[in-house]
Amino acid sequence: MSKDFDLLVVGSGAAGLTCAITAKKRGLTVAVLEKEPVFGGTTALSGGVLWIPLGPHGRQQNPADTREAVRTYLMQESGRFYDEATAQAFIEHGPAMVDFLQRETQMQFVPTLYPDYHCDAPGGAQVGRSILAAPYDIRGLGEDMARLKPPLETITFIGMMFNSSNADLKHFFRATKSLTSALYVARRLATHLKELALYRRGVQVTSGNALAARLARSALDLGIPILTSTPVRGLLEEGGRITGVRVEGEGGPRELRARHGVVLACGGFPHDARRIAQAYPHVRRGGEHLSPTPESNTGDGVNLAEAAGGVADIRYADSAAWMPVSRVPLGGGRFGVFPHLLDRYKPGVIAVLKNGRRFCNESESYHDVGAALTRACEGQKETVMWLVCDKACLAKYGLGYVKPAPMPIGPHLRSGYLLQGRTLAELAAQAGIDPQGLEATVRTYNPPAERGEDPAFGRGKTAFNRYLADPEHRPNPCVAPVAQGPFYAVRVVMGDLGTFDGLQTSLAGEVLRRDGQPIPGLYAVGNDRASMMGGAYPGAGITHGPNMVFAYLTAHHIADRAEASHAAPAVRVQAQEEVVA
């Protein structure tokens, strides 16, 4: 059975949905194909932040920001991979993409206070470049609510979601110290428990779950079918042009035709064991890697494109957005992956290697800490660190998957996730860390830490270091001694938030052959397309921001070509209804 569309988008994350929505608004008939039974992809598990300099929110927060400053920062960050045309297209069209989505769809954004990750570098900004998907009540998805990919289990509390910088977390940290916070938490918990009883999941979602839900609602409102449980098994080619796909599903194998193109948006290759063994240094040398991205992100888009003549060389020194993670026993033989997004910034938490020594500023971005860990463990089989803190710090902030007091720590001690020692030497023995090295590190670290200083790595000196720390801890919100036993540790290995290396494309997203010529009818967006940042991570949202901007541009490019060929029909609702049926 064959069905015809103007455009087929393979993947239901933010980039794929943005491309589909934009193309539909330009008059093309579109279908979105998703191999999983749920839609949202990596986006649904993410923080939902977009890095869009000079957008409508940023103009209000930082009216002094300029195109030249953004250009300087991009040039500084991406180094030899900086491309002037790509940078200018991103700077010019980012605000237009945000305005389009907010004006024409259910998508709404709110400002954040995130500084650029290297805000003190030339062109860096203290605020105004990162925006966030506004919270969303997923009951707005109607019967499709069950098809939204749930958030990452390890970063929710009984299924309840938080934005990393919102008031929820601040109130939860202060629930035992403030009546206002205690009442806030009680109301929040009561609402969430009611949602669980009625819907078996939280319906007030934030972060990437809100981004995925809003985009999906917008696509469905436009009549774009999101065909879940529909893996693509191959591309159709006629006369040297990609003309559709072969898919599987409940109805068995079938072909779907695409008059004006197939767009690959499959989320990169973080679970392609063969490719990450080639791309990730710590995997090449035998180290453990745990990715919190969807296990279905097995490089399908990259593999499909390569079979058609596309190129996905490993070029970047850092092939992925590194994320230090820990392996969490969830009971019943299940394990989860916890991304260490917040705990590293807190005063009293330090990171040490197997030799017991610190190796970086723990309050830098997850990507920078991950890159530092990879290089610090060069020549070793294991790429591993331990986050260490004392009793007071654990009670106040928690550590990894371990929640702050009054939540019990016993289950985590019994599962082996949390390690405990009455002394640093005893903790080191539990963890397999060199005890003399750990004792020497803490002995050197503590005296200046009592004054809020970190002469070894300068922790807390930048606005970004301080942003996710504890503003009430003075004089340095990132630094406190590791002083009073018992002491605690969590073992942390390398993970990723998605791949940076990917398919070589034109500015418009056309997949290129080795000779630089485009493959007619084949496009790539999102993490299937090589990142414009060249393996760097300059700020919160540098994945979603550029990915959605270039997906928006790719859709316009396809629609422009369709109009130029006088082959873009106004509407083909019947074909879409037949496929859904």
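Two strands count as paired if DSSP finds at least two bridges between them. With that in mind, this predicted model can be read through a pair of strands, strand 14 (320-331) and strand 19 (487-499), which pair in the antiparallel sense over five bridges. Within that pairing, Val325 has Val493 of strand 19 as its bridge partner.

**Strand 14 and its surroundings**

- Strand 14 also pairs in the antiparallel sense with strand 15 (residues 334-339), and this pairing extends over six bridges.
- In the pairing with strand 15, Pro329 has Phe335 as its bridge partner.
- The hairpin of strand 14 and strand 15 has two residues between the strands, and Gly332 takes a positive phi near 65° in this hairpin.
- Helix 11 (residues 366-376) has as its buried residues Tyr366, His367, Val369, Gly370, Ala371, Leu373 and Thr374.
- These buried residues of helix 11 pack against strand 14 and strand 19, and also against helix 9 (281-284) and strand 17 (384-390).

- Another part of the model holds an open sheet of six strands, whose order is 9-3-2-13-21-20 and whose pairing is mixed.
- Strand 9 (226-227) and strand 20 (510-512) stand at the edges of this sheet, and because each has a single partner strand, one side of each is left without a neighbour in the sheet.
- Strand 9 runs parallel to strand 3 (residues 30-33), to which two bridges join it, and Val32 stands opposite Ile226 of strand 9.
- Helix 17 (residues 544-564) packs on the sheet, where it touches strand 2 (7-10), strand 13 (262-264), strand 20 and strand 21 (518-524), and the direction of helix 17 makes about 140° with that of strand 21.

- When its neighbours within four places in sequence are left aside, Thr18 is in contact with Leu215, Met548, Ala551 and Tyr552.

**Helix 3 and helix 4**

- The axes of helix 3 (residues 67-78) and helix 4 (residues 84-104) come within 10 Å and cross at roughly 135°, which makes helix 3 oblique to helix 4.
- Helix 3 passes helix 4 in a crossing that is right-handed.
- On the side of helix 3 the contact involves Arg67, Val70, Arg71 and Leu74, which meet Glu84, Ala87, Gln88, Phe90, Ile91 and Glu92 of helix 4.
- Sorted by class, the residues of this contact of helix 3 with helix 4 comprise five nonpolar, one polar and four charged.

**Helix 14 and helix 15**

- For helix 14 (residues 424-431) and helix 15 (residues 435-450), the axes come within 8 Å and cross at roughly 135°, and the two helices are therefore oblique to each other.
- The crossing in which helix 14 passes helix 15 is right-handed.
- Leu424, Ala425 and Ala428 of helix 14 make this contact together with Pro435, Leu438, Glu439 and Val442 of helix 15.
- By class, the contact of helix 14 with helix 15 has six nonpolar residues, no polar residues and one charged residue.

Technical notes: Residues are numbered from 1 along each chain as its sequence is written. This is a predicted model: local features need pLDDT of at least 70, side-chain atom pairs count only at pLDDT 80 or more; totals for chains, interfaces and linings use all residues. Side-chain values use heavy atoms; hydrogens and water are left out. Contact means heavy atoms within 4.5 Å. Axes are lines fitted to C-alpha atoms, for helices over the stretch in contact, and angles run from 0 to 180 degrees between N-to-C directions. Helices (H or I, at least four residues) and strands (E, at least two) are DSSP runs, numbered from the N terminus. Angles under 35 degrees count as roughly parallel, over 145 as roughly antiparallel, 65 to 115 as roughly perpendicular and the rest as oblique. A crossing is left-handed if the near helix is turned anticlockwise from the far one by less than a right angle, and right-handed if clockwise. Ala, Val, Leu, Ile, Met, Phe, Trp, Tyr, Cys and Pro count as nonpolar, Asp, Glu, Lys and Arg as charged, and the others, Gly among them, as polar. Buried means under 20% relative accessible area, exposed over 50%, partly exposed in between (1.4 Å probe, protein chains only).
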